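Good morning, and thank you for joining this meeting. I would ask you to look at the sequence and the structure together while I speak.

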Amino acid sequence: NRTRVDLIVLHSAEAPEKPGTARAVARWFALETTKASAHYSVDAEETIQCVPEGSIAWAAPGAHANGLQIEMAGYAGQTVSQWADQYSCATITRVVDLCVELCRRWSIPAALIGPSALLERGRGVTTHAFVSRAFRKSSHTDPGAYFPLEHLINRVAAKLKAAA
């Protein structure tokens with residue numbers, strides 16, 4: 001049971017962009033043999049909570065204790081155009097809305113947190129790739145080099161500002 005969260009950590013689930021992926025990933029996390037978890041699993045149609053926000057999920061070593069983990073349908077190897085297709089855009093819109101809720105609930109700024117800021121205990125939105133680079137406890141590169149991270153954060157910031 002934690003009372004403070006500093007990070008929202010974005011992941012690609014390494015699962016297909018299709019209806020039912022969020023639910024399938026959540027079911028996979030629930031298996032007794034799975035040694036990973038996330039707070040949320042998101043696809044274009046659903047957002048599934050897998051772990052309570054007050055509990056620690058095991059998805060990005062180095063950012064377990066202070067991060068909320070979000071798995072998105074898709075792959076780290078997706079191209080710019082693949083992240084810009086209709087399905088990805090719908091998934092990203094759901095993630096933006098979720099991030100807005102999480103930022104409000106946990107007073108997390110809509111700021112991009114890269115590897116050096118992670119090491120300095122910065123607060124904001126980051127990726128599994130940045131966590132891997134900062135803490136060197138995994139080699140994950142998700143959600144990938146072409147994921148529209150700045151665009152997502154700008155949308156989150158704009159929604160938070162509009163609601164203020």
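This is a predicted model: local features need pLDDT of at least 70, side-chain atom pairs count only at pLDDT 80 or more; totals for chains, interfaces and linings use all residues.

Directly after helix α5 comes R136, whose phi is positive, near 55°.

Is α5 mostly covered or mostly open? It is mostly covered, for 6 of its 8 residues are buried. Those buried residues are H128, A129, F130, V131, S132 and A134. What do they pack against? Their partners are β1, α4 (115-119), β5 (124-127) and α6.

An α-helix has 3.6 residues a turn, so residues three or four places apart point the same way.

The largest nonpolar core contains 35 residues, and the members that touch the most others in it are I8, L10, I70 and L152. Several elements each supply at least two residues of this core: β1 (7-12), β2 (40-42), β4 (67-72), α3 (86-106), α5 (128-135) and α6 (149-163). Which of them gives the largest share? That is α3, with 9 residues.

I70 deserves a moment of your attention. Setting aside neighbours within four places in sequence, I70 is in contact with I8, V9, L10, H11, Y40, V42, V95, L98, C99 and L102.

Let me now step back to the chain as a whole. The protein chain has 6 helices and 5 strands, and along the sequence they follow the pattern β-α-β-β-β-α-α-α-β-α-α. Its radius of gyration is 14 Å, close to the 15 Å that the globule rule gives for 164 residues, so the chain is as compact as a globular protein of that length. Along the principal axes, the C-alpha atoms fill a box of roughly 40 × 35 × 25 Å.

How much of the chain is buried? Of the 164 residues, 49% count as buried. Among contacts with a separation of 6 or more, 67% are between residues 24 or more positions apart.

Finally, the surface and the charges. The accessible surface comes to about 8,100 Å², and 54% of this belongs to carbon and sulfur atoms.

Thank you for your attention.

Technical notes. Residues are numbered from 1 along each chain as its sequence is written. Side-chain values use heavy atoms; hydrogens and water are left out. Helices (H or I, at least four residues) and strands (E, at least two) are DSSP runs, numbered from the N terminus. The radius of gyration is taken over C-alpha atoms; the globule rule is 2.2 Å times the number of residues to the power 0.38. Buried means under 20% relative accessible area, exposed over 50%, partly exposed in between (1.4 Å probe, protein chains only). Contact means heavy atoms within 4.5 Å. Accessible areas come from the Shrake-Rupley method with a 1.4 Å probe; for residues, only the protein chains shown count as cover. A nonpolar core is a set of buried Ala, Val, Leu, Ile, Met, Phe, Trp, Tyr and Cys residues joined through side-chain atoms within 4.5 Å.
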